[in-house]
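Okay, thanks for making time, everyone. I'd like to walk you through a structure I've been looking at, so let me put it up on the screen.

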Amino acid sequence: MPRDSLFALPEISNRDFTRIAAFIKQEYGIDLTRKKHLIAGRLATTVKTLGYPGFTELIDHVIDTKDRREIDFILSRLTTNYTYFMREQDHLELFSDQILPRLIKRHSSDRVLSVWSAGCATGEEPYNISMYILDRLGDQARYWDTRILATDISEQALATARAGRYFLPDTIREDWRQSFFTENADGSSTVSSRLRKNVIFRNFNLMDPIRFRRPFDVIFCRNVMIYFDQTTKDGLIDRFYQATVPGGYLLTGYSENLSQSSPYRRIATATYQKNDR
């Protein structure tokens, strides 16, 4: 046997590509039907890492058993989980300056805000949202329940989020660095216990029915739906709408637009509101 064949990466057949793409789309909504080269390139080493002789055996096992550990490993290779603090900062400022004051006024009696970061990846977004909320409330924050629900399908990403250790960008305000983080010897920073307690991380598949305890004042789902086709996206938007309080908000990524048939009304770039009635 030639030496090079010992190190050759497996190739994916059209049949196996169709099977794994259909499985991922059905179970997780991620549309990879035109991404054969991506699947082949990113999963070739995964086949070897997980100890399978080829794609067929890996795909057989995943489809037959729905092994969560291996699916999580595969999804982490096929999706980027790319996020960072202060991403699309103008959007966060709009949330803080325009939406938050309205919500604080609306909830002046019960003092409970209900916010969901859907597809939170490694956690920067929900921690960032939490900083804006706690900063806006100031000394009154202690009297409010502002805990954010943050969900993702990737346990690997959620493990990073729960650890809460990051290299902060220069765009983070200095007073926030002091209030919400502890600097480590290697230059990274760890979120404070106060900030950590304000975010609840959960594993959740956005293709599943949304049945949380209470509807949401705001749903952040930014730069997640880029992986979905229009039919999948429309179905998710309808589920979001049902899970939003009357007058509540949906914030998407700047590159994501809702269809004209969306039940939400657009009030600003990537910012939508549910009718009050």
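This is a predicted model: local features need pLDDT of at least 70, side-chain atom pairs count only at pLDDT 80 or more; totals for chains, interfaces and linings use all residues.

Let's start with helix α2, residues 36–49. It has 14 residues and spans 20 Å from its first C-alpha to its last, close to the 20 Å expected at 1.5 Å a residue. There is a bend in α2, though, of about 40° at L43. L43 is also on the list of buried residues in α2, together with I39, A44, T46 and V47. And what covers those buried residues? The cover includes α1 (14–28), α3 (55–65) and α4 (68–78). After α2 comes G51, and its phi is positive, near 85°.

Now compare that with α5, residues 89–106. Here we have 18 residues reaching 25 Å from the first C-alpha to the last, close to the 26 Å expected at 1.5 Å a residue. Where is the kink in α5? The kink, about 40°, lies at I99, shortly before the proline P101. The buried residues of α5 are H91, L92, L94, F95, S96, I99, L100, L103 and I104. Those pack against α6 (124–137), β7, β8, β9 and β10 (271–273).

As background, most residues other than glycine have a negative phi.

On to the aromatics. Searching the whole structure turns up 14 aromatic pairs. One of them is F85 with F181, edge-to-face, with 5.8 Å between the centres and 85° between the planes. That pair links distant parts of the chain: F85 is in the loop between α4 and α5, F181 is in strand β4 (residues 181–183), and they are 96 residues apart. Both F85 and F181 are buried.

Another edge-to-face pair is W116 with F240, 5.5 Å centre to centre and again 85° between the planes. W116 is in strand β1 (residues 115–118) and F240 in helix α10 (residues 230–242), so this pair ties together parts that lie 124 residues apart in sequence. W116 and F240 are both buried.

There's a ring cluster as well: F85, Y127, Y166, F181 and F201 are linked through ring pairs.

Okay, the cores. The largest nonpolar core has 45 residues, and the ones with the most contacts inside it are I24, W116, L206, F240 and L250. Contributors of at least two residues each are α1, α2, α3, α4, β1, β7 (216–221) and α10. Which element gives the largest share of this core? That's α1, with 6 residues. Apart from that core there's another, of 40 residues, and I99, I104, L113 and L158 are among them.

Let me zoom in on L250. Leaving out residues up to four places away in sequence, L250 touches I219, C221, I237, F240, L258, Y264, A270, T271 and Y272.

Last, two exposed residues. S255 is in the loop between β8 (244–252) and β9 (265–268), and its relative accessible area is 54%, so it counts as exposed. S255 touches N223 and I226, again not counting residues up to four places away in sequence. From S255 to S108 it's 34 Å in space, C-alpha to C-alpha, and 147 residues in sequence.

The other is T231, in helix α10, which counts as exposed at 65% relative accessibility. T231 and W144 have 38 Å between their C-alpha atoms and are 87 residues apart along the chain.

That's my tour, and I'm happy to go back to any part of it.

How values were computed
Residues are numbered from 1 along each chain as its sequence is written. Side-chain values use heavy atoms; hydrogens and water are left out. Helices (H or I, at least four residues) and strands (E, at least two) are DSSP runs, numbered from the N terminus. The expected span of a helix is 1.5 Å times one less than its number of residues. The bend at a residue is the angle between axes fitted to the seven residues ending there and the seven starting there. Buried means under 20% relative accessible area, exposed over 50%, partly exposed in between (1.4 Å probe, protein chains only). Contact means heavy atoms within 4.5 Å. Rings of Phe, Tyr and Trp (its six-membered ring) pair if their centres lie within 6.5 Å; planes under 30 degrees apart count as stacked, over 60 as edge-to-face and the rest as tilted. A nonpolar core is a set of buried Ala, Val, Leu, Ile, Met, Phe, Trp, Tyr and Cys residues joined through side-chain atoms within 4.5 Å.
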